[in-house]
Every structure is written in structure tokens, then in C-alpha cells.
Amino acid sequence: MRDTLYIPLRPWPTFGVVAALVLLPPAMLLLDLPFYVVFATRVLIYTLIATSLNLLIGYGGMVSFGHAAFVGTGAYTVAMLMPAGIVSAWLLWPASLLAGALFALLIGAVSLRTRGVYFIMITLAFAQMAYYLVLSLHALGSDDGLTLGARPSLGFLDLNGDATFYYAALAILLGALALVRALLNAPLGRALQGIRDNETRMEAIGFATYRLKLVVFVIAGAVAGLGGGLLVSLDRLVGPNLLHWTESGLLMIMVILGGTGRLLGGVLGAAVLLIAQEVIAERTIHWPLGIGVVLLVVVLFAPKGLSAWLPNVSRERSNT
Amino acid sequence: MILVAEQLLNGLQLGLMLFLLAAGLTLVFGIMNMINLAHGSLYMIGAYIAAALIEASGSFLLGIASAIVGTALVGVALEMTLLRRLYRLSHLSQVLATFAVILIANEIVRMIWGSQPILLNMPPALSGPIELGGFRYPAYRLVVIGAGLAVALFLYLLVTRTRAGMWVRAGASDREMAEVMGVDTRALFTVVFAIGAALCAVAGALLGPLLAVQVGMGENILILAFVVISIGGIGSIRGALVGSLLVGVVDTAGRAFLPFLFRKMLPSVIASEAGPAVASMLIYMLMAAVLYFRPSGLFPARS
């Protein structure tokens with residue numbers, strides 16, 4: 001049965017995009033641009049993080065301005081565990097996921113009492129507390145942050161090879177997207193979108209709206225934590241700036257740019273913003289001006305975000 | 001005791017300057033339901049215009065006056081060309097658009113004045129300290145407090161005692177009803193925006209000699225202003241005043257006394273880390289606590 005909220009899987013376009021992504025590293029090596037494999041991996045990780053935030057903003061109506069806190073939690077978890085002798089990514093990445101989830105449970109339980117702009121501000125408050133905590137703890141390297149000697153190991157695969165890491169990140173991203181899609185098509189996803197559109201009504205029907213929102217908040221925090229764990233594994237470096245509010249703001253901008261409440265909104269927004277930044281920054285030191293103009297054009301001509309230009313847009317969406 | 005009085009005055013000064021920013025922000029939000037992240041950019045532009053004209057003319061008053069007029073004009077231009085198109089869009093689109101304005105404003109300022117912070121000297125007559133019943137306090141800071149109090153009082157009377165202020169409050173509590181009753185909210189909003197921009201310029205120019213005038217100065221104070229209006233209750237001018245003073249005093253006192261208190265109570269290893277950390281977190285703890293117990297701020301403008 002096809003209904004308005006169902007997110008279809010379109011086999012051919014999906015296959016085409018995945019094939020292109022798989023062929024990217026060899027293509028980059030052929031073009032003698034190995035640096036871009038690492039850049040592309042970073043883009044993949046940010047699309048993962050932005051997708052988790054889109055789950056909150058776009059599908060849950062929970063505009064979190066503190067998402068960087070979960071990314072930072074995951075990243076610092078990996079950076080703390082590795083020197084302790086745990087080097088297997090099979091342990092480290094789930095640990096970062098778990099850390100993100102736990103922190104999200106803590107913050108979400110308090111923040112979800114508020115709504116609208118107050119929710120934005122209270123999530124910001126907690127993220128700022130986390131930022132200042134990390135900044136002041138010598139065990140976490142204060143403002144220098146932490147560095148890792150090597151990337152985690154993934155058993156038989158050597159993540160120190162940039163292309164291998166790229167494929168690992170790609171596999172995780174595709175798996176996460178499939179799970180998010182399944183979640184949104186499941187009753188939980190339906191209820192979530194109902195809460196976004198009219199929380200009072202959902203409550204009246206008998207949904208435990210607070211608990212449902214908290215569950216999704218924790219899931220999003222977990223994915224963001226995993227993203228943070230991947231980021232630090234890729235860069236072998238983490239600093240408190242990863243938790244700064246501007247980072248949360250940037251993630252929010254990615255989601256809005258891509259299109260809230262569309263499965264690929266976070267993916268599109270993160271990819272377009274990071275690539276545009278890279279391209280414009282190569283040409284002028286005044287690149288923020290270019291980015292600013294691009295964002296303004298998108299707001300004025302595609303107020304629902306870039307994914308409104310993707311095919312199969314039939315649904316009316318309203319947010320906040 | 002003397003230290004406490006001095007820090008209280010510093011807190012009052014920070015609070016009053018925050019109020020100048022928060023007042024415009026909360027009214028823009030309250031009346032037009034618009035999230036304007038570019039408010040901090042107006043503060044930056046005000047500071048730069050003041051710095052440039054004080055440098056050129058040598059007169060502090062002339063510099064501030066032209067910063068007020070110039071920034072108000074920039075604000076009106078921004079409102080009439082761009083922001084007006086955003087009112088009917090969602091909050092998220094407003095966030096994206098005004099974030100874009102921040103990026104553009106920062107780069108334009110960088111192109112004109114460069115990346116280096118500009119030094120803005122305080123008027124020589126005010127650069128010394130003043131004897132204040134047993135302790136010496138910088139004269140310039142006292143003037144800032146005086147000016148802040150005067151502007152706050154003026155604004156408070158304007159909003160609570162005049163007809164135009166009544167329209168503003170009506171618009172903030174129920175815009176549609178105000179429109180039906182004959183208030184031209186469109187024109188009203190342009191005026192409110194101009195006043196908000198002018199207040200930003202006052203804060204930017206007055207704080208210029210105390211903080212550095214530099215690109216990006218608007219963003220951090222913008223976050224503080226948002227903290228203020230969330231604590232106070234969005235749309236409420238009284239909430240903005242109470243919130244500003246709370247944040248100003250708590251932040252200043254926290255930074256001044258917490259590290260000291262922690263050193264007395266905790267082992268020094270922990271205290272040296274925890275003191276500054278908790279001092280920086282204090283206003284966010286305050287906001288989280290206020291919102292936990294009063295999810296719509298201390299003085300909700302809308303019921």
C-alpha cells in the first residue's frame with residue numbers, strides 16, 4: 001500500500017548514486033587527487049550526522065541547537081578509549097554510539113519539557129555546558145584537544161588506508177539511511193510525524209508523546225555520537241571546537257538547506273554545503289560571502305530546501 | 001565588600017548593554033514571530049561605524065550619534081529588502097536566511113576594515129577612575145551604566161506609557177487582533193526594527209572601548225541576548241530587562257567569585273579546573289533551570 005507518508009525506495013536512482021559513490025575513490029586516484037578521498041569521507045560522515053538531526057528537526061519538530069554535543073561526546077569517547085588500549089573499531093564505534101545515546105537521554109529528558117524556541121535554547125544551554133566542561137578538563141586536553149597515534153583497526157581491514165576508511169563510512173551511512181527509512185515507515189515514525197504536526201491531538205488520541213520524542217531524541221543522539229566517533233577516527237584529532245555552538249548551528253544550516261522532513265534532506269544539505277565551501281574557498285578568501293549568497297538564494301527560491309527540487313515531491317510539509 | 005560592589009557594577013553594566021540588544025530582539029520576535037540572527041551583525045556594524053567616525057572626527061559623541069543613525073538606516077534597508085519577505089516563511093527558513101546575512105555582513109566588514117581588531121579609545125576625559133565612596137571605579141564604565149540606564153528607562157516608558165508602545169505590546173501579544181483593531185503592524189515593525197538597530201549601535205559603540213571591535217563580535221553576544229530573552233520570556237520587554245540584569249550579574253559574579261569559592265571548598269586540583277568551567281556554564285545552568293520550571297520564561301508575553 002502506498003500512502004502519503006510512506007517513503008518509497010527507488011531502486012534505479014539509488015543504485016546509480018551508490019555505484020557512483022563506490023567508484024569515487026578509484027576515480028580520484030586516477031585523477032591524481034587522493035586528498036579528495038579524505039574530504040569525501042568527511043562529507044559522508046557529516047551527511048550521517050545531518051541525517052540524524054533531520055530526524056529531530058524535520059520529522060519530530062524538535063529543533064535541537066545542541067547536536068554538536070552528541071558528536072563531541074562520541075568523538076571524545078573514542079579519543080579517550082584508544083589510549084586505554086582499545087583499538088578495535090568494532091568496540092570503539094559502538095561505544096561512541098552508546099555514549100551519544102546516553103548523553104541524549106540525559107539532555108532530552110529535561111529539554112523535552114519545553115517546546116518551540118525554548119526547546120532550541122535549552123538544548124543550546126546543555127551543549128554549551130558540555131563545551132565549557134570539555135574546554136576546562138585537562139584529561140580531555142583542554143583547548144588543545146586530543147590526538148590519536150593511528151586510526152582504529154577494523155580487524156582484517158586497514159583503516160589507515162584512506163579508501164578503506166571511505167568504504168567503511170559509506171557502508172555505515174547506507175546502513176543508517178536504510179534504518180532511518182525503516183523507522184520512519186514504521187508506526188513509530190508515523191506517530192513521530194503526527195506529534196510534529198499536532199502534539200496535543202496525538203496526546204489526546206493516547207500516544208505517550210513525551211516518551212516517543214525521547215526515544216527518537218536518543219536515537220538521533222546515538223547516530224550523532226557514532227558520527228563523532230567516525231570523525232575523530234578519520235582525523236586522528238579532536239578539539240573542543242567540535243562541541244562549539246557554531247558547529248551545532250552549521251549542522252542545523254545543513255539540514256534546513258537540504259530540506260527538513262525529507263529522508264535525503266540532511267544528506268543533500270551537508271554534501272552541498274561542504275562541497276560549495278571547498279569549491280568557493282579555493283577561489284576567494286571571502287568565501288563566506290559566496291556561501292551567504294547561495295543560502296539566501298535557496299531560502300528565497302526554494303524555501304523548503306534543496307530536496308524540494310528532487311523528483312517525487314508531492315507532499316505538503318510544514319515545520320515548526 | 002569593595003570587590004563585591006565593583007563586580008555588581010560590572011554586572012549591571014553588562015546587563016544593561018545586553019538589554020539594549022535583547023529589547024530589539026524580543027520585540028522583533030514578539031511582534032513578527034521572526035527569528036533574527038542578524039541582530040548581532042547590527043551590533044557589529046554599529047561598533048565599526050562608531051570606531052571609524054570617532055577616528056575620523058575625534059569626537060566620541062559625534063561618532064556614537066552617527067553610528068546610531070547609520071545602523072538604524074542599515075536596519076531599515078535590511079528589513080525592507082529582505083526580512084519583510086521572510087515573515088511568512090517558517091522559523092527554520094528565517095534561521096537560514098539571517099544566518100546567511102551574518103556571513104555576508106561579516107565578509108563585507110572584513111573587506112572594508114580588514115580582519116584585525118580595531119582599537120577604539122575611550123574619550124580621554126573619562127579614561128581615569130572615579131572615587132566612589134571608598135573605592136575607585138573607571139569613569140567610563142560609570143558613564144556606560146548611566147547611558148544604559150537612561151536608554152532602558154526611555155525604552156520602558158516608550159513601550160509602557162505611549163500610544164505607539166501600546167501598539168507594540170498589542171502586536172506582541174496578538175498580532176492579528178492588533179491588525180483588526182487598526183494597527184498598521186507593517187509600518188510599526190519597520191519602526192521597531194529601526195529602533196532595535198539603533199539600540200544595537202548604542203551597545204556596540206559604548207562597548208567598543210571595553211571589548212575589541214572585530215569581525216564576529218556580534219555572534220557571541222547574540223547568543224547571550226537569546227539566553228536573556230529566553231529567560232525573560234520572548235516578546236516581553238520587562239522579561240528582557242529582568243533577564244539581562246540576571247545574566248549580567250550572574251555571569252560577572254560567577255567569573256569573579258566562583259574560582260575563589262571553589263579554591264576554598266575543594267582540593268586545588270579539582271578547583272583549578274572546575275572554577276572557570278562552572279563560571280562559564282553558570283548562565284546556561286540558569287537558563288536551563290528557569291526553562292525547566294517555567295517552560296515559557298519568567299514573563300511569558302503570550303498566554
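Modeller: Let us start with the idea of burial: a residue is buried if 20 or more other C-beta atoms lie within 10 Å of its own, exposed if 12 or fewer, and partly exposed in between. Please keep in mind throughout that this is a predicted model. Take B:Ala65, which is placed in helix 3 of chain B, residues 60-86. B:Ala65 has 15 C-beta neighbours inside 10 Å, and therefore it counts as partly exposed.

Biologist: Is A:Gly60 buried or exposed?

Modeller: A:Gly60 has 22 other C-beta atoms within 10 Å, so it is buried. A:Gly60 lies in helix 2 of chain A, and, when residues up to four places away in sequence are left out, it touches A:Leu55, A:Leu192, A:Ile195, A:Arg196, A:Lys213 and A:Val216.

Biologist: How many helices and strands does chain A have, and how many does chain B have?

Modeller: Chain A has 12 helices and two strands, and, read from the N terminus, its elements run α-α-α-α-α-β-α-α-α-α-β-α-α-α. Chain B has 11 helices and two strands, in the order α-α-α-α-β-β-α-α-α-α-α-α-α from the N terminus.

Biologist: What can I say about the overall dimensions of each chain?

Modeller: The radius of gyration can be set against the value for a compact globule. For chain A, with 320 residues, that value would be near 20 Å, and chain A has 19 Å, which agrees; its C-alpha atoms fill a box of roughly 55 × 45 × 40 Å along the principal axes. For chain B, with 303 residues, a compact globule would have a radius near 19 Å, and chain B has 20 Å, which agrees as well; the box for its C-alpha atoms is roughly 60 × 50 × 35 Å.
As for burial, 49% of the 320 residues of chain A count as buried, and in chain B 53% of the 303 residues do.

Biologist: How should I describe two helices that pack against each other?

Modeller: Two packed helices are described by the angle between their axes and the distance between the axes. In chain B, the axes of helix 1 (residues 2-32) and helix 10 (residues 237-265) come within 7 Å and cross at roughly 145°. Helix 1 of chain B passes helix 10 of chain B in a right-handed crossing, and the residues of this contact divide into 17 nonpolar, nine polar and one charged.

Biologist: How many residues of chain A are in contact with chain B?

Modeller: There are 36 residues of chain A in contact with 34 residues of chain B. On the side of chain A that touches chain B, helix 5 (116-136), helix 10 (245-258) and helix 12 (287-301) each supply at least two residues, and helix 5 gives the most, with 11 residues. The residues of this side comprise 25 nonpolar, 10 polar and one charged.

Biologist: Which residues have the most contacts inside the largest nonpolar core?

Modeller: In soluble globular proteins, nonpolar side chains tend to be buried together. Here the largest nonpolar core has 214 residues, and those with the most contacts inside it are A:Met121, B:Leu21 and B:Leu96. Leaving aside residues up to four places away in sequence, A:Met121 touches B:Phe226, B:Val227, B:Ser230, B:Met287 and B:Leu291.

Conventions:
Residues numbered from 1 in each chain as written. Chains lettered and ligands numbered in written order. Predicted model: local features only at pLDDT ≥ 70, side-chain atom pairs only at ≥ 80, totals over all residues. Contact = placed C-beta atoms within 7 Å. Helix = DSSP H or I, 4+ residues; strand = E, 2+ residues; numbered from the N terminus. Nonpolar A, V, L, I, M, F, W, Y, C, P; charged D, E, K, R; others polar. Axes fitted to C-alpha atoms, helices over the stretch in contact; angles between N-to-C directions. Left-handed = near helix turned anticlockwise from the far one by under 90°. Rg over C-alpha atoms; globule rule 2.2 N^0.38 Å. Core = buried A, V, L, I, M, F, W, Y, C linked by C-beta atoms within 7 Å.
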